[in-house]
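Good morning, everyone, and thank you for making the time. I would like to walk you slowly through a few local details of one structure, so please keep the picture in view while I talk.

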Amino acid sequence: MTIAIKAIPCLSDNYAWWLRDPATGQTAVVDPGEARPISAMIRAEGTGLDWILLTHHHGDHVAGVVALAAEFGARVAGAAADAHRLPALDEALRPGDSFTLGQSAALVLDSPGHTLGHIAFSFPEAVFCGDTLFSAGCGRLLEGTAADMFASLATLAALPDYTLVCCGHEYTESNIRFALTVEPDNAALRDWAEKAHAMREAGAPTLPTTLGLERAVNPFLRAKTVEDLARIRAAKDSFR
């Protein structure tokens, strides 16, 4: 049995992620950037909310925490290293820890680069990676270095191909446009460009993708060295 997962659009282009352990019915939401759409979704599902999981401290990932915790009595888990910048934590996690939702266990992964305290939650079927890995892209280096991001992406790349990539933003089409300047002859990337465009035209999210797809289309995940990643990241930062 695998966890149930739903993307909840928030703000202008964020996703929070709702998950439910099928054996126990325990639920969690990852990175609630605002409370209202998440509260509405939880009430529509007819469930409560047991946990709020945080990948990093940025406001567009945590602004809904206090209201949701008050409304549903949810507990909050996030990085111990970032506890001073996060809403009050009930469980402070360190890389290598296991977080358990009902009978579903996630390994806490260290994933700095976008921020220094960034973590990801790796369940057997899905990884909730915040702003580290996007479809066809990666997070901006706001606090960490290219070496930090290279190591974080290598950690994610070690997960199985079938792993669902549940990231924090709907950046896919803009990331693809840039990725095609890096690998214009990448047939898998061109195919993904067509599929992603059709999804967005239909009003559907492009996420989650899979690590297998990202290995085929994502220039940051495909970078062979730190220097390659730094060069591609610098080009992306100036891309319009």
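Let me begin with leucine 11, which sits in the loop between strand S1 (4-10) and strand S2 (14-20), where strands are DSSP runs of E of at least two residues and helices are runs of H or I of at least four, numbered from the N terminus. Please bear in mind that this is a predicted model, in which local features need pLDDT of at least 70 and side-chain atom pairs count only at pLDDT 80 or more, while totals for chains, interfaces and linings use all residues. Residues are numbered from 1 along each chain as its sequence is written, and side-chain values use heavy atoms, with hydrogens and water left out.

Leucine 11 has a positive phi of about 50°, although it is not a glycine. Is this leucine 11 buried, exposed or partly exposed? Because its relative accessibility is 46%, leucine 11 counts as partly exposed; buried means under 20% relative accessible area, exposed over 50%, and partly exposed in between, with a 1.4 Å probe and protein chains only.

Alanine 136 also is not a glycine and has a positive phi, of about 65°, and its place is the loop between strand S11 (133-134) and strand S12 (137-138). Alanine 136 has 0% relative accessibility and therefore counts as buried.

Now to asparagine 14, which lies in strand S2 and, at 4% relative accessibility, counts as buried. A polar atom of its side chain lies 2.9 Å from the backbone oxygen of aspartate 60. Leaving aside neighbours within four places in sequence, asparagine 14 is in contact, meaning heavy atoms within 4.5 Å, with Ile8, Pro9, Asp60, His61, Gly168 and His169.

Turning to the backbone again, the peptide bond from leucine 207 to proline 208 is cis, with omega near 0°, and proline 208 is found in the loop between helix H6 (187-201) and strand S14 (209-210).

Finally, a pair of helices: the axes of H4 (residues 146-157) and H8 (residues 226-237) come within 9 Å and cross at roughly 110°, so H4 is roughly perpendicular to H8, a label for angles of 65 to 115 degrees. On the H4 side the contact is made by Ala146, Ala147, Met149, Phe150 and Leu153, and on the H8 side by Val226, Leu229 and Ala230.

Notes:
Axes are lines fitted to C-alpha atoms, for helices over the stretch in contact, and angles run from 0 to 180 degrees between N-to-C directions. Angles under 35 degrees count as roughly parallel, over 145 as roughly antiparallel, 65 to 115 as roughly perpendicular and the rest as oblique. A polar contact is a pair of N or O atoms within 3.5 Å; within protein, one must be able to donate a hydrogen and the other to accept it, and residues adjacent in sequence count only if both atoms are side-chain atoms.
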